[in-house]
Amino acid sequence: RQDRHRSTPCTVDPRRGIFAGPIKPLQSRPERCRGAWDNSLITKRDSVTNTSFESVAALFVHRIDVSANRDAFEFPDASGNGWERMTWKQAGVRVRAIAMGLNAVGVEPEQRCALLATTRVDWILADLGILCSGAATTTVYPSSTAEECAYILSDSQSVVAFAEDDS
């Protein structure tokens, strides 16, 4: 892809994933998607700008555009004694790299990518990267047995897995 190194704001096409170009908030009608549990229609709305978006990925790249230098995440540092901060722009760079990496290895829209990790900032970034690539996330709990993991990965037809190591 030609745009992989550009730092311009991004928009998301749910059929193709993330690509360079201006953010296009929806003006005429709120975009909706099916709720995961009850098939009801839900709207993703930015509470700050009161703008609706067609996906979590679109809302994420909008947040980068309007809050680039504000803190997005605060998480324990490597020593475990302090805290690190990450701005929306920094998060966007990491998420974009993940999304582009998934696209580079051939992950196609709506294919499943598994995520096996404890709650940590890397989990969030991987999940957003999966969504921004146009793929879908399948989660596997760290407490799952080997047999449960094998079943979830097979049943979901995950094509890529992100796994946390022991360190």
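Of the 16 residues that make up the largest nonpolar core of this predicted model, Phe60, Phe73, Met86 and Leu125 touch the most other members. A nonpolar core is here a set of buried Ala, Val, Leu, Ile, Met, Phe, Trp, Tyr and Cys residues joined through side-chain atoms within 4.5 Å, and buried means under 20% relative accessible area, with exposed over 50% and partly exposed in between (1.4 Å probe, protein chains only). Two or more residues of this core come from each of helix 1 (56-67), strand 6, helix 2 and helix 3, where helices (H or I, at least four residues) and strands (E, at least two) are DSSP runs numbered from the N terminus. A second, separate core has five residues, among them Leu102, Val107, Cys113 and Ile130.

Residues are numbered from 1 along each chain as its sequence is written. Because the model is predicted, local features need pLDDT of at least 70 and side-chain atom pairs count only at pLDDT 80 or more, while totals for chains, interfaces and linings use all residues; side-chain values use heavy atoms, with hydrogens and water left out.

Phenylalanine 60, leaving aside neighbours within four places in sequence, is in contact (heavy atoms within 4.5 Å) with Trp88, Ala91, Gly92, Val95, Leu128 and Cys132. Ring pairs also link Phe60 with Phe73 and Trp88 into a cluster. Rings of Phe, Tyr and Trp (its six-membered ring) pair if their centres lie within 6.5 Å, and planes under 30 degrees apart count as stacked, over 60 as edge-to-face and the rest as tilted. The count by this rule is two aromatic pairs. One of them, phenylalanine 73 with tryptophan 88, is tilted, at 5.9 Å centre to centre and 50 degrees between the planes. Phenylalanine 73 lies in strand 6 (residues 71-76) and tryptophan 88 in helix 2 (residues 88-104), so the pair ties together parts that are 15 residues apart in sequence. Both partners are listed below.

| Residue | Relative accessible area | Class |
|---|---|---|
| Phenylalanine 73 | 16% | buried |
| Tryptophan 88 | 18% | buried |

Elsewhere, three strands form an open sheet in the order 9-8-10, with parallel pairing; two strands pair if DSSP finds at least two bridges between them. Strand 9 (136-140) and strand 10 (160-163) are the edge strands, each pairing on one side only. Strand 8 (residues 112-116) runs parallel to strand 10 and is joined to it by four bridges, and leucine 115 stands opposite phenylalanine 162 in strand 10.
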